[in-house]
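Visitor: I have a structure to look at today, and I would like to understand the words that are used for it. Could you go through them with me?

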Amino acid sequence: MFDQTLLRQAPLPDEMRILLDKYPREAWDEHPNFKQATKNWLSAHQMFRALSSSVRKDAELYLDRQLKPGDYAARLSYRGNALVGNLHGHHHWEDNSYFPELSAADPRFDIGLKILESDHRVLNRVLNDFTEAAMRTLEYLHLSKEAALIEAGNVHSMALTIEKLLARHLVDEEELAVPIIIHHKLRD
Ligand SMILES: [Fe+2]
Ligand SMILES: [Fe+2]
């Protein structure tokens, strides 16, 4: 079972905020350097927040007997796959392309980028545990109601952990990356 102490709760170090103080979140929309590519990246984060919350809520509905096993299986399979597949792709791209671009433009924020990369590794472990619990749940939904309920409880707990990790990670990532992009006129 995933070790909850691995979840980072502390914000990024204060020195990572120097550009955020200059370009606070409320001012991004109006800034001419806040372009579509960056808006799309923020939309992907919104999709991850919504998907992880749906996966958690679906488990709650099934555990409360408000969702039939067949319906739950369909939702878990579709939404679980979408969440895990898209998050893996997103992180791979950030680690290999996006973060190196930000670092090349302004190495003052490398400490923050390293912390975000470490979040990705922790999240990978959670996603693996989530996938295993989801696979077992899908199997048991056809075989044993009791076993399916226990495994759905594990899916629920992993989905909560994913939500918690994303809540910290996505805000920190957005508030580190967008000011660098605006300041250095990147991703035009
Ligand atoms: Fe990330
Ligand atoms: Fe991201």
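Visitor: What follows H3, and what is its phi?

Guide: H3 is followed by Arg-65, whose phi is positive, near 60 degrees. Helices here are DSSP runs of H or I with at least four residues, numbered from the N terminus. This is a predicted model, in which local features need pLDDT of at least 70 and side-chain atom pairs count only at pLDDT 80 or more, while totals for chains, interfaces and linings use all residues. Residues are numbered from 1 along each chain as its sequence is written, chains are lettered from A and ligands numbered from 1 in the order in which they are written, and side-chain values use heavy atoms, with hydrogens and water left out.

Visitor: How do you know that the span of helix H3 agrees with its number of residues?

Guide: The expected span is 1.5 Å times one less than the number of residues; for the 28 residues of helix H3 (residues 36–63) this should give 40 Å, and the end C-alpha atoms are 40 Å apart, which agrees.

Visitor: Why are H4 and H5 called roughly antiparallel?

Guide: The axes, which are lines fitted to C-alpha atoms over the stretch in contact, with angles from 0 to 180 degrees between N-to-C directions, cross at roughly 160 degrees for helix H4 (residues 69–105) and helix H5 (residues 110–140). Angles under 35 degrees count as roughly parallel, over 145 as roughly antiparallel, 65 to 115 as roughly perpendicular and the rest as oblique, and H4 and H5 are therefore roughly antiparallel.

Visitor: What makes H4 roughly parallel to H6?

Guide: H4 and H6 pack at an angle of about 30 degrees, with their axes 12 Å apart, and that angle makes H4 roughly parallel to H6.

Visitor: Why is the site of the iron ion (ligand 1) called irregular?

Guide: Its donors, meaning N, O and S atoms within 2.8 Å of the metal (3.2 Å for Na, K and Ca), come from Glu-94, His-120, His-169 and Glu-173, at 2.1 to 2.2 Å. Four donors count as tetrahedral if all angles lie between 85 and 135 degrees; four count as square planar and six as octahedral if opposite donors are over 155 degrees apart and all others between 65 and 115; anything else is irregular. The angles among the 4 donor atoms of ligand 1 run from 86 to 170 degrees, and the site is irregular. Water is not among the atoms, so sites may look incomplete.

Visitor: Which residue bridges the two iron ions?

Guide: Glu-94 bridges ligand 1 and ligand 2, which lie 3.2 Å apart.

Terms used: Helices (H or I, at least four residues) and strands (E, at least two) are DSSP runs, numbered from the N terminus.
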